[in-house]
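Here is a short briefing to read alongside the model. Have the sequence and the 3D view open as you go through the topics.

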Amino acid sequence: MNLRVGLDLIEIDRVRRALERHGDGFRARCFTRAERDYCDGKANPAQHYAGRFAAKEAVGKALGTGVHFTWKEIEIKGRPKPGVFLSGRTARAAERLGAGKIELSMTHSRELAAAVAVITNLRSEIPNTGVPLATQTDARANADGHAGKAGMASTGIASDASAARPESGTDKRRRT
């Protein structure tokens with residue numbers, strides 16, 4: 001079995017400052033309504049926003065796409081075991097890669113929040129090219145001298161296609 005792994009660690013105080021400085025703009029840009037409702041309903045919202053922020057980064061790294069401006073296309077919901085729901089360009093990228101189920105683990109201390117995303121995979125090359133995925137990832141990382149936002153540990157990708165389900169209107173979200 002092939003796996004892709006993404007990891008992110010963030011200081012909760014950094015997120016707290018972003019919430020104070022940018023308020024609703026930061027919340028609306030990076031989090032879905034359901035995520036905002038969940039986090040704002042907690043005694044320490046910054047801690048929960050930081051955990052979800054780290055989770056989105058970890059998923060983007062595991063997919064190899066980063067998150068760039070697609071923050072709300074990676075939605076984290078559910079307790080006690082959080083699930084990952086993809087939509088838009090991020091869901092299409094995951095499908096093109098043949099990404100299977102995304103397992104997510106989140107944790108926090110008083111100062112830090114962290115998340116690890118693991119994607120199970122079957123396919124080990126880019127469709128219709130014969131190019132191994134790890135080679136493509138390594139080449140992209142080495143062109144910059146580092147892996148950057150799309151950096152990850154990768155040995156390929158796979159398909160365990162979870163059914164798409166409508167969340168609202170015409171928006172289709174894929175739970176992975």
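Read along the sequence, the protein chain runs β-α-α-α-β-β-α-β-β-α-β-β-β, which comes to five helices and eight strands. Helices (H or I, at least four residues) and strands (E, at least two) are DSSP runs, numbered from the N terminus. This is a predicted model, in which local features need pLDDT of at least 70 and side-chain atom pairs count only at pLDDT 80 or more, while totals for chains, interfaces and linings use all residues. Residues are numbered from 1 along each chain as its sequence is written, and side-chain values use heavy atoms, with hydrogens and water left out.

**The chain overall**

- Of the 176 residues of the protein chain, 45% count as buried; buried means under 20% relative accessible area, exposed over 50%, and partly exposed in between (1.4 Å probe, protein chains only).
- The protein chain exposes about 9100 Å², and carbon and sulfur atoms supply 53% of that area. Accessible areas come from the Shrake-Rupley method with a 1.4 Å probe, and for residues only the protein chains shown count as cover.
- Among contacts (heavy atoms within 4.5 Å) between residues at least 6 apart in sequence, 63% join residues at least 24 apart.

**Helix α3**

- Helix α3 covers residues 45–63, and its 19 residues should span 27 Å at 1.5 Å a residue; the end C-alpha atoms are 27 Å apart, which agrees. The expected span is 1.5 Å times one less than the number of residues.
- Because 18 of its 19 residues are buried, α3 is largely enclosed by the rest of the structure.
- Just after α3, G64 takes a positive phi of about 85°.

**E35 in helix α2**

- E35 sits in helix α2 (residues 33–40) and counts as buried, at 1% relative accessibility.
- Leaving aside neighbours within four places in sequence, E35 is in contact with C30, R52, K56, I74, E75 and I76.

**E73 in a loop**

- E73 lies in the loop between α3 and β2 (74–77), and with a relative accessible area of 16% E73 is buried.
- Not counting residues up to four places away in sequence, E73 touches F85, L86, S87, G88, R89 and T90.
- The C-alpha atoms of E73 and F31 are separated by 8.9 Å, although the two residues are 42 residues apart along the chain.

**Strand β5 and L112**

- L112 belongs to strand β5 and is partly exposed, with a relative accessible area of 33%.
- Apart from neighbours within four places in sequence, L112 is in contact with L9, I10, E11, I12 and T107.
- L112 and Q47 are 65 residues apart along the chain, and their C-alpha atoms are separated by 8.2 Å.
- V116 is also found in strand β5 (residues 112–121), and at 32% relative accessibility V116 counts as partly exposed.
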